[in-house]
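Please look over the sequence and the model below before reading on.

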Amino acid sequence: RGGFGEGGGRGFGGGITHTPAPEPSTEAHLEIFIKYLPSWTTEDDLKKLFTPCGPMQDPVLMRDTSTGMCKGVGWITFTSDAAFKKAIAMNGVAMGGRHLAISQGTVRAGAPKGTAQAPGTHTPALINEVVQSLIVDPDGVYVDATFGRGGHTRGLLAKLSANGRLHAFDLDPLAIAAGKELEREDSRFKIHYAPFGSMAECLKGEGALTGVLMDLGISSPQLDERTRGFKPEQDGPLDLRFDLTKGEPAWQFLRTVPRAELIRILRSYGEEDKVAARRIADAIVLAREAGSLPKRTTELADLIVRVKGREYQPMHPAKPTFQALRIHLNDEFDELRRGMAASLDLLKEGGKIGIITWKHLECAIVVEFLRAHELARNELPLMQWCEEQQPSSLAALKREAAFLMDEPRRPTEAELKYNSRSRSAVLHLLRKQSGIRVPQLEGLCYDALDWEQL
């Protein structure tokens, strides 16, 4: 759930230690945060690139612990305001065929350089907003539908009473191992090795839920695990599954997927334009027919780079394709729909579901589900018309479980200073309330008005 540029503040070592959100320093700082660095980048390369800006401290890179290669990000602290401003103005500068993203970093006492996290730590995005919004009853029953390494889980547990209970779900074996360890530490917690869309079956007999959290996407520990193949820059098997015990790996899927279906997947889940999606699919099908279909991440990435050529986007050209294949193979969007439907059934009246999204595609699915299950509010013009013109028909409508959306929450400026990777995160809050759903109301009114259902 979140690598650089799409997700938020998740540790890089795959451990289970939770790093609480620190108070940012009030000191002025002159540090830049650099994204999209090529894997071959060294500290000397950065120093050479930014030397014209002015005096600086030694650059810091985040490196892969197994290969020593740059993981795409780095930090430089300058010793004058003028040098810092010149460096910020270099945002978009070209390096190794990429365009670097340069923004203000942070310095805080006792922390690793910049917003880097120590290996094995985990700073969950929007943790304060999640806890404040969801924990309305410390004695309640809650679900963390996307356990990851337990950052949000630990924050939620810290606010529960001795009588409160928390269930978590995940499909990653390493996440389950971390969850089992937490189970031994805290009897209020239970981890489930199952998709969160199956929570109704897993939680039979538990009673109504008070709150559900979903933090969507992919976690940084998963991104860093080269055997999973989630990163186009990192060589490894072309797998892309969350649960390695189910389904087929990406390389095997590409052996049989029809060209038209592959184009649809790239457009729908990778948001590739029509031409790019077609050209990528063409190249993959040609490689398949020639017996040279890629089985490793860098092989597929290189093929896509050859297809797409130069791009205005600073990210790796193959990232949308990897994203699209991952979403399809793991059925991520339908799982989200199943999870929201299960939450609506299991939540008690007034209970909330909090959904952290990182990209527009995820937001669109949340809004789509809300529209289909949205409570008809009294101030809705159709409701006011129906109360005046069709009162008896309105009274006869069945009252059902519905959702109201509360004000979405976004990272504060303070959070962005110590956890810049959370900038894309949005916490959607849907509150359960029984009543007439908007689609019911629309059906009644459209029939009465002889309007077409468009």
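Predicted model: local features only at pLDDT ≥ 70, side-chain atom pairs only at ≥ 80, totals over all residues.

Residues are numbered from 1 along each chain as its sequence is written, and side-chain values use heavy atoms, with hydrogens and water left out.

The open sheet is formed by four strands in the order S2-S3-S1-S6, with antiparallel pairing. At its edges are strand S2 (60–63) and strand S6 (101–104), each of which pairs on one side only. Neighbouring strands of this sheet are turned by 20° against each other on average, direction ignored, where axes are lines fitted to C-alpha atoms (for helices over the stretch in contact) and angles run from 0 to 180 degrees between N-to-C directions. Ile32 stands opposite Gln104 in S6. Helix H2 (residues 81–88) packs on the sheet and touches S1 and S6, its direction making about 145° with that of S6; contact means heavy atoms within 4.5 Å.

Elsewhere, the axes of helix H3 (residues 127–134) and helix H4 (residues 151–159) come within 10 Å and cross at roughly 45°. The contact is made by the residues in this table.

| Helix | Contact residues |
|---|---|
| H3 | Ile127, Val130, Val131 |
| H4 | Gly151, His152, Gly155, Leu156, Lys159 |

His167 lies in strand S8 (residues 165–170) and counts as buried because its relative accessibility is 8%, buried being under 20% relative accessible area (exposed is over 50%, partly exposed in between; 1.4 Å probe, protein chains only). Leaving aside residues up to four places away in sequence, His167 touches Val141, Tyr142, Val143, Asp144, Lys190, His192, Leu203 and Glu206.

A nonpolar core is a set of buried Ala, Val, Leu, Ile, Met, Phe, Trp, Tyr and Cys residues joined through side-chain atoms within 4.5 Å. The largest one has 59 residues, and those with the most contacts inside it are Met199, Leu209, Met214, Leu254, Leu300 and Ile353. Apart from that core lies another, of 26 residues, among them Leu134, Tyr142, Ala175 and Leu427.

How values were computed: Pairing = 2+ DSSP bridges. Helix = DSSP H or I, 4+ residues; strand = E, 2+ residues; numbered from the N terminus.
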